[in-house]
Amino acid sequence: MNGPLAGAFGSLAAGQKGLELAGRGREDSSPDVVVAIEGRIENGSELARELGLGEHEVPERVLAAAHARWRTGMLERLSGRFALALWDRESTSGVLAVDRLAVRALFFCEEDGRLLFASELRPLLGLLSRRPAPDR
């Protein structure tokens with residue numbers, strides 16, 4: 001793994017930029033969907049077969065196809081230890097999720113109309129325009 005998942009969803013109100021990732025985690029994009037994942041989807045091969053994809057398809061493409069077919073219902077079908085971000089450019093909607101036991105973390109905050117997120121606090125702080133003051 002290259003590092004933690006980090007990114008930002010663009011402002012819905014001001015013309016959608018979509019998912020912007022800070023070059024961490026694994027990422028794959030298609031014309032319609034951008035997917036980034038940290039961790040592992042244990043049943044990826046099984047899902048790929050069910051979706052008519054190759055058994056050895058990369059997890060990001062499996063997740064994009066799963067989202068196209070089942071939308072957020074795909075989350076019920078996933079097993080493993082992961083944090084993921086998915087952005088559907090066409091519908092200008094996204095999904096942030098972690099595994100059922102929350103083995104992987106996902107931190108987020110809203111700043112200037114953008115939803116910022118990361119699987120570790122340090123990268124999230126790096127995405128902020130200013131460092132927050134201590135919470136007294």
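I searched the whole structure for aromatic pairs and found zero. For a pair, the ring centres of Phe, Tyr or Trp (its six-membered ring) must lie within 6.5 Å; planes under 30 degrees apart would be stacked, over 60 edge-to-face and the rest tilted.

A note on what I'm using: this is a predicted model, where local features need pLDDT of at least 70, side-chain atom pairs count only at pLDDT 80 or more, and totals for chains, interfaces and linings use all residues. Residues are numbered from 1 along each chain as its sequence is written, and side-chain values use heavy atoms, with hydrogens and water left out.

**Helix α2**

I looked up α2 next, and it covers residues 59-70, twelve in number. Helices (H or I, at least four residues) and strands (E, at least two) are DSSP runs, numbered from the N terminus. From first C-alpha to last, α2 reaches 16 Å, close to the 16 Å expected; the expected span is 1.5 Å times one less than the number of residues.

Which residues of α2 are buried? I got E60, V62, L63, A64, A66, H67 and W70. Buried means under 20% relative accessible area, exposed over 50%, and partly exposed in between (1.4 Å probe, protein chains only).

I also checked W70's ring: R77 lies over its face, 3.8 Å from the ring centre. The rule is NZ of Lys or CZ of Arg within 6 Å of the centre and within 35 degrees of the ring normal.

Most residues other than glycine have a negative phi. R71 sits in the loop between α2 and α3 (74-77), and counts as partly exposed because its relative accessibility is 37%.

T92 isn't a glycine either, and its phi is near 45°. I found T92 in the loop between β5 (80-88) and β6 (93-98); at 33% relative accessibility, T92 is partly exposed too.

**The largest pocket**

I read its volume as about 160 Å³. On a 1 Å grid over the protein atoms alone, a pocket is an open set of points where a 1.4 Å probe fits, with protein on both sides within 12 Å along at least five of seven lines; lining residues have an atom within 4 Å of a point.

I noted 13 lining residues, with I41, G44, S45, E57 and P59 nearest the centre. β4 (33-41), α1 (44-50) and α2 each give two or more residues to this lining, and β4 gives the most, with three.

Notes:
Grid points are joined across faces, edges and corners, and a volume is the space filled by probe spheres set on the points.
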